[in-house]
Amino acid sequence: NLLPVASALTLSGMINTMAGAHEEAASQLLEALEIRQQADRNEGHDLMTIQLSLGNVYQLQNKFDDAMDCYSAILAEWMGRFGSDHAKVAQVLQSIGSAYLAADKYDKAKTTLEEVLRIRRLLEPQSVEMAETLDSLGRVLYKLGDTEKAGELGEEALEVLKSAAKDNSEPILLSKVMKNLGDYYQDVEAFEDAIDAYEECQRVLVAWHGEDHASLVEVLNEIGVTRFKSEEFGVAKYSFEEALRVMRLPQNGAQDTVIFPTLNHLGHALYKNNDLDLAAETYIESFNIQVSIITGDANDGLKEFGSKLSTIKDRISSIEQGSDQLKSLSGSLGSIANILRYIGLVIQDQGDFEAALSANKLSLSVRLCQPIRDHSAVALMAETIAISEYKRGNHSNALDYFSQALEAKKAVQGDTIDVARTVNNLANIHYSMGNLDDAMRLYSQSLDIKRICLGQESDEVVNTLNNIAHVMINAGREQDALEAYHEVLKIRQSCHGKSHLS
């Protein structure tokens, strides 16, 4: 009789699932399922229980199709036996909704979980299961952008859970509800409420798992982010350092892909706290990790990475256009470019302007490598470099970078005030270099856009008119300059009155 073996395998599989040993759990549950199917065909309840547990393991392994195959078979069986308004139907629909949520299929998750909520409001309105459904549906609505409704469901989930589990018998679900509530509060900038929710989540997890468990990392990071947004940079720093400590414990085995985002957060907190040396070290550590993820080799600083860019370009050219691999690589390069920008900011504040400029130029080079071009980021970096070059008196270099910024902005913006300001900067450089015709052409372009965007009576319109008058003076067009100055005076008097200093 193999039925006791099947029962033992099922129990062991469930325990391994909770312990995170998903491969072993799946193997045990599959073996148990096979025994039941061969020797115990008439007890469908046990078969369905094993299959549901197996589907949940597949979901945790991100095997969406396998999980849905299990759930669909169970749903058909239980709806045939019990009808639609039954607790067991709600149970499997809950698993299906959770699978859709994990797979980012939010519309399907919403429809499914709303049906679960209908059944559970009918059958078990003050149960732990009801709290689970409220929490899951709240998370889906949050992902769909309805934070207000998500918060309402999250608060209801907490109320139901406290009523249904008065002996604190559901710590994992409670920690999940509190974490999600913290996210909702943070999103609407109710930072004190968010901190209260996150810290309650942290308290529950510590009581259940201890201070060194990997489950603490996510909530420690969120506490840090919320403290950062509240401009409590020193406290935020501590939270990120604690998250890193937990991640790096041997038993937690955190991957580099998880570590570097926390390093980025820590770097930001250190920078805002004016710990420039530590901020630079932290950013560079994050940078080296990110480069090693892309290249597969250890990296030691900015100079070594510069020599690897050509190899990365060759790799990009060999990847199929539009593939997920190409999108992933482009995103990784964007993250590297972004951290280089922060390295440049810190180095600049440390007073090494030459090194800061080099970091910024390397950041721009990485942006230009991205197969999926982020034009706004290219414009920001090119304009930052242009301003640095202009301040150093390198007008020709500044001209090139401002032109690059303008091209990137036009690719996504059209004729906006931001474009007009960049055109104005280009005109300023041409004027400084004595290129009066180019300066006049660009000032006129900037003026036309500013009049459309801001109206005639705007300080920016006046300033550009004033610049045009200066160019006319230098070009020997005194009469035209006088007319431009008169227009400047007329606008300023209209805006500020005739006695204003302007």
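A nonpolar surface patch brings together Leu-11, Ile-15 and Met-18, with about 350 Å² of accessible area in total. This is a predicted model, where local features need pLDDT of at least 70, side-chain atom pairs count only at pLDDT 80 or more, and totals for chains, interfaces and linings use all residues. Residues are numbered from 1 along each chain as its sequence is written, and side-chain values use heavy atoms, leaving out hydrogens and water.

**Nonpolar patch**
- Patch residues have over 30% relative accessible area and no salt bridge, with nonpolar side chains (Val, Leu, Ile, Met, Phe, Trp, Tyr) joined within 5 Å and like charges within 9 Å.
- Accessible areas come from the Shrake-Rupley method with a 1.4 Å probe, and for residues only the protein chains shown count as cover.
- Leu-11 sits in helix H1, residues 3-19 (helices are DSSP runs of H or I with at least four residues, numbered from the N terminus).
- Leu-11 is exposed, at 53% relative accessible area (exposed means over 50%, buried under 20%, partly exposed in between).

**Negative patch**
- Glu-155, Glu-192, Asp-193 and Asp-196 make up a negative surface patch (Asp and Glu count as negative, with the charge placed at CG of Asp or CD of Glu).
- Asp-193 belongs to helix H10 and is partly exposed, with a relative accessible area of 40%.

**Cysteines**
- The whole structure contains zero disulfides (pairs of cysteine sulfur atoms within 2.5 Å).
- Cys-201 is buried at 3% relative accessibility, and Cys-369 is buried at 8%.

Key. Salt bridge = Lys/Arg side-chain N within 4 Å of Asp/Glu carboxyl O. Helix = DSSP H or I, 4+ residues; strand = E, 2+ residues; numbered from the N terminus. Buried < 20%, exposed > 50% of the residue type's maximum accessible area, 1.4 Å probe, protein only.
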